[in-house]
Amino acid sequence: MRVTVHRKAHFNAAHRLYRKDWSFEKNDEIFGKCNNPNYHGHNYELTVSVTGEIDKDTGYVIDIKVLKDIIKTEIEDAFDHKNLNVEVPEFKDLNPTVENIVVVIYNKIKPKLNKDFDLEITLYETPRNFVTYSGL
Ligand code: NI
């Protein structure tokens, strides 16, 4: 039996959407208010979903404490109350759109899990705007 375990987390972070190789006018046209040079913030809500077999001995798919600690170390400590463009190396040359952030989160968590698990990340940038990524 394969069961999916979900763990929620959140972080607050600032960002600016723009490309260094485009003019301010072009960035303004594509990214609008998100191109504000003084940055703006979001309350990101995250769901990490791990699918695997129930372990016969423990009855767990994954110990939720282990998953919680991975999320804290890899995501919350790295992103919370940070300026993504300036302080998070993954976005030095990568536009921190919610699409790119969800892929970065997936790529940070996946290597920390048993290879037999499937992983899906859901990331809300606003209560109405969210993305999912499962490595496909
Ligand atoms: Ni934004």
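Colleague: Which side chain does Lys20 meet in a salt bridge?
Modeller: That would be Asp93, at 3.5 Å from N to O. Bear in mind that this is a predicted model.

Colleague: OK, and where do Lys20 and Asp93 sit in the chain?
Modeller: In distant parts of it, 73 residues apart. Lys20 is in the loop between strand S1 (2-15) and helix H1 (24-31), while Asp93 is in the loop between helix H3 (84-87) and helix H4 (98-109).

Colleague: Is Lys20 buried or exposed?
Modeller: Exposed, with 58% relative accessibility.

Colleague: What about Asp93, buried or exposed?
Modeller: Asp93 is exposed too, because its relative accessible area is 65% and the cut-off for exposed is over 50%.

Colleague: How many salt bridges does the count come to?
Modeller: The count comes to 7 salt bridges. One of them joins the side chains of Arg19 and Asp21, with 2.8 Å from N to O.

Colleague: How accessible is Arg19?
Modeller: Arg19 is partly exposed, at 37% relative accessible area.

Colleague: Which residue does Lys108 pair with?
Modeller: Lys108 forms a salt bridge with Glu90, and the N to O distance is 3.7 Å. That pair also links distant parts of the chain, with Lys108 in helix H4 and Glu90 in the loop between H3 and H4, 18 residues apart.

Colleague: Why does Lys108 count as buried?
Modeller: Because its relative accessibility is 16%, and buried means under 20%. Glu90 comes out as partly exposed, at 34%.

Colleague: Switching topic to the largest nonpolar core. How many residues are in it, and which touch the most other members?
Modeller: There are 31 residues in that core, and the ones touching the most other members are Phe79, Ile105, Ile109 and Leu123.

Colleague: Which elements give two or more residues to this core?
Modeller: S1, strand S2 (40-53), helix H2 (64-79), H4 and strand S4 (118-124).

Colleague: And which of them gives the most?
Modeller: H4 does, with 7 residues.

Colleague: Let's zoom in on Ile105. What is Ile105 in contact with, leaving aside neighbours within four places in sequence?
Modeller: Six names to look up in the structure: Phe11, Leu46, Ile75, Phe79, Ile121 and Leu123. Of these, Phe79 and Leu123 are also among the residues touching the most other core members.

Methods
Residues are numbered from 1 along each chain as its sequence is written. This is a predicted model: local features need pLDDT of at least 70, side-chain atom pairs count only at pLDDT 80 or more; totals for chains, interfaces and linings use all residues. Side-chain values use heavy atoms; hydrogens and water are left out. A salt bridge is a side-chain nitrogen of Lys or Arg within 4 Å of a carboxyl oxygen of Asp or Glu. Buried means under 20% relative accessible area, exposed over 50%, partly exposed in between (1.4 Å probe, protein chains only). Helices (H or I, at least four residues) and strands (E, at least two) are DSSP runs, numbered from the N terminus. A nonpolar core is a set of buried Ala, Val, Leu, Ile, Met, Phe, Trp, Tyr and Cys residues joined through side-chain atoms within 4.5 Å. Contact means heavy atoms within 4.5 Å.
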